[in-house]
Amino acid sequence: MNDMTSVFAKGKAVVPFITAGDPDAASTVKYILAMAEGGADMIVVSVPFSDPTAESPAAQEASLRALSGGMTPDGVLEILRTVCKKCDIPVLLTSYMNPVFFYGYDAFFSALGDIGAAFYTPDLPYEERGEISDIAAVHGVPVLTAVASSSGSRIPAIASAASGFVLIASPSDDPTGDDLAAAAKEVRKYTSVPVVADLGALGLDRASAAAPFDGVVTSYPVRLIASGATPSALGEYISELKKKINS
């Protein structure tokens, strides 16, 4: 993966979230490349899953659309290979553990290592990270650390072990950002790495919610795709959001 420290060198990072295969593989590649052209600092690409309980309603619907279209883990990896040949934007692949387990840990992380992507999973507790961390490390795949606003007493241990950046996660499609800001303040006591908040479907009118963080993950592109938006429309959204959160 490209050096993640460079992502935060020019202001607050904009990190769009997109579901691979929604509505199809070719469109996903076009959307990612358009957002990279629009100024996205990193892309979160999600492996569609049949029971994405930690995702927002919009992302859950995107997963179902992608699966209905025949998207598979192999298809997701091929999307990443195509994207990484055409641009050098860092990619963070996110997946529930079930698809990774059935793919095979060694084969999965070997493929990610060859592509140059990092990995994040929402359903493997910090205390159980050893299940994949050693295998991922063998293949040079960074595994990102996340805390929830409800992590409480677990934050010191999670934050102090972080590298790259810490993701403050939210299951809401439209989190206010207030509880995430409080969690970010606590995280900063234990680590110097950047803190990135998942602000859900972050519209341009709510760009000020990014103020307490070093970067934001936005799933608004998922809504735009569902509405039939063109790749250029996603690129324009990213460009405008980047201007607003860094103004």
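This is a predicted model: local features need pLDDT of at least 70, side-chain atom pairs count only at pLDDT 80 or more; totals for chains, interfaces and linings use all residues.
1. Helix α1, residues 25–37, packs against helix α10, residues 231–245. The two axes lie 8 Å apart, at an angle of about 30°. Because angles under 35 degrees count as roughly parallel, α1 is described as roughly parallel to α10. The crossing of α1 past α10 is right-handed.

2. On the α1 side, the contact with α10 is formed by K30, Y31, A34 and M35. Their counterparts in α10 are P231, S232, L234, G235 and I238. By class, the residues of this contact comprise 6 nonpolar, 2 polar and 1 charged.

3. Helix α1 also packs against helix α3, which spans residues 73–86. Here the axes come within 10 Å and cross at roughly 35°. The passage of α1 across α3 is a right-handed crossing.

4. The contact with α3 involves A25, T28, V29, I32 and L33 of α1. In α3, the residues that meet them are I79, T82, V83 and K86. The contact of α1 with α3 divides into 6 nonpolar residues, 2 polar and 1 charged.

5. P23 is located in the loop that runs between strand β1, residues 13–19, and α1. The peptide bond leading from D22 to P23 is cis, and its omega is near 5°.

6. How many disulfides does a search of the whole structure find? The search returns 0. For C84, the nearest cysteine sulfur belongs to C87 and is 6.7 Å away, and C84 takes part in no disulfide.

7. Are C84 and C87 buried or partly exposed? C84 has a relative accessibility of 28% and so counts as partly exposed.

8. In summary, α1 has packing contacts with α10 and with α3. The α1 residues K30, Y31, A34 and M35 meet α10, whereas A25, T28, V29, I32 and L33 meet α3. The cis bond from D22 to P23 belongs to a proline in the loop between β1 and α1.

Notes. Residues are numbered from 1 along each chain as its sequence is written. Side-chain values use heavy atoms; hydrogens and water are left out. Axes are lines fitted to C-alpha atoms, for helices over the stretch in contact, and angles run from 0 to 180 degrees between N-to-C directions. Helices (H or I, at least four residues) and strands (E, at least two) are DSSP runs, numbered from the N terminus. Angles under 35 degrees count as roughly parallel, over 145 as roughly antiparallel, 65 to 115 as roughly perpendicular and the rest as oblique. A crossing is left-handed if the near helix is turned anticlockwise from the far one by less than a right angle, and right-handed if clockwise. Contact means heavy atoms within 4.5 Å. Ala, Val, Leu, Ile, Met, Phe, Trp, Tyr, Cys and Pro count as nonpolar, Asp, Glu, Lys and Arg as charged, and the others, Gly among them, as polar. A disulfide is a pair of cysteine sulfur atoms within 2.5 Å. Buried means under 20% relative accessible area, exposed over 50%, partly exposed in between (1.4 Å probe, protein chains only).
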